[in-house]
Amino acid sequence: MGSLLLVIIYISFISLGLPDSLLGSAWPVMYEEINVPFSYAGIITMIVSFCTIISSLLSERMNRKLGTGLVTAISVFMTAVALIGFSQTHTFWILCLWSIPYGLGAGGVDAALNNYVSLHYKSRHINWLHCMWGVGASISPYIMSACLTGGLGWNKGYWSVGIIQILLAIALFLTLPMWNNKKKAQTQNKTQENKPVSIKKALGIPGVKQILVAFFAYCALEQTAMLWASSFLVKSREIEPNTAAGLASMFLIGMAVGRFISGLISDKIGDRNMIRNGTIIIAIGIVLILLPGKISLAGFIILGLGCAPIYPAIIHSTPRNFGANNSQAIIGIQMASAYIGSTFMPPLFGIIAQNIGTDVLSIYLAVLAILMLVMTEKLNKIVNERRRRAKQRKMEKEKDIFYIQNPMTKEKEPEDIRTEKQIVGDHINEQIENNIIDIIE
């Protein structure tokens, strides 16, 4: 049963990637048919991103109330309905309306499944799952292309992917009992059902702000490379546009291959070292992109390989860094931070490139990579200190047992002079440290 559930989760990640590249594939035909400017694709994308951010922030409460399986099934169904809605629409403002359930559904699936897999499966699975997202994102352009070249129109492309999503939603509803098979999931739902972690409380946990900035920087880097690689090759390396469009996909290929390889080694190397090694490879890729000539092509492949392990490693390390009790809330906020970075930072580079030129792409990517590395290392220091304190607390508990057995040897405790804010902060740290003590034991 557990293996079948994992297969369902893998298929869910493929379905998560399916709609992501549909708009880009279909828009050159869509905008002429619905009679709007070419730039209006950005409006649809912004609506989807905004709704995705909202559902990511609400994911913690929804998952506690409904459970991961039901949230995933409902979210996939919402996405499916939105895609069918797209297929029946020939008016721009109706497309904007259908973008709302599309974004809400996408964010719900992303946050729910990432947290569930991080809690219940090893690191290799989170890498392979995100590799499956790449598979889905790569398949849908071919579906759309087949519909367009076959004279069926872009509507049929959306309809085809929508039907696939509906079939998956039905499968998810049928397999709902499997989601509660794991003891850990049952215990967690039972003990925490009425204790949601607010966004304010999550942001107050030491290290959360650092990981949000790191995730923002990483997703900004990834999306900027995806969006502007082709333009860079055309304008800065003088490669023909048709050729550059295909060559730019080398970044995605590098990422897909990298995530497969990461799945093979991540359990042995660990999440921290996967992030560090990925950053080193990113740096090599950026240097190659900076060099003149066609060597820039190799740079984008290397850049994709370096990016591959970072997103999965950050997600998978969240329960261990902040405690299983807080992981869903923090992963939801991480997803929101990721979408903010991927939504606003690539257009910012577009403005810079318009005034300075695309040659600054390497510098832009380097700044984001440095910011990500600095923030993840700051987080590591905070977590190391927290684990040191957790071990110290474990020793103190053992000492307390000794004092109970030998009460005459216990020294007088000093007066507590902490402020109220410090007491609250220490209480949050103590909760996380208790989770770490459980891991240690």
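Predicted model: local features only at pLDDT ≥ 70, side-chain atom pairs only at ≥ 80, totals over all residues.
1. Residues are numbered from 1 along each chain as its sequence is written, and side-chain values use heavy atoms, with hydrogens and water left out.

2. Arg-259 has a partner: Glu-222 forms a salt bridge with Arg-259, and their closest N and O atoms are 3.9 Å apart. The term stands for a side-chain nitrogen of Lys or Arg within 4 Å of a carboxyl oxygen of Asp or Glu. Glu-222 sits in helix α10 (residues 208-235) and Arg-259 in helix α12 (residues 250-269), so the pair ties together parts that are 37 residues apart in sequence. Helices here are DSSP runs (H or I, at least four residues), numbered from the N terminus. Glu-222 is buried too, with a relative accessible area of 10%.

3. How many salt bridges does the structure hold? There are 4. One of them joins the side chains of Glu-377 and Arg-276, at 2.8 Å from N to O. This pair links distant parts of the chain, with Glu-377 in helix α17 (residues 361-405) and Arg-276 in helix α13 (residues 271-290), 101 residues apart. Glu-377 is partly exposed at 25% relative accessible area, and Arg-276 is partly exposed at 30%.

4. Helix α17 also holds a local pair: Arg-388 and Glu-385 both lie there, 3 residues apart, about one turn of the helix. Their salt bridge brings the closest N and O atoms to 2.6 Å. Arg-388 counts as partly exposed at 44% relative accessibility, and Glu-385 is partly exposed at 37%.

5. Now to a helix pair. The axes of α5 (residues 92-120) and α6 (residues 123-149) come within 9 Å and cross at roughly 150°. Axes are lines fitted to C-alpha atoms, for helices over the stretch in contact, with angles from 0 to 180 degrees between N-to-C directions. The two helices are therefore roughly antiparallel to each other, the label for angles over 145 degrees.

6. Which residues meet between α5 and α6? Asn-114, Val-117 and Ser-118 in α5 meet His-125, Ile-126, Leu-129 and His-130 in α6, where contact means heavy atoms within 4.5 Å. These residues divide into 3 nonpolar, 4 polar and no charged (Ala, Val, Leu, Ile, Met, Phe, Trp, Tyr, Cys and Pro count as nonpolar, Asp, Glu, Lys and Arg as charged, and the others, Gly among them, as polar).

Methods:
Parallel < 35°, antiparallel > 145°, perpendicular 65-115°, else oblique. Buried < 20%, exposed > 50% of the residue type's maximum accessible area, 1.4 Å probe, protein only.
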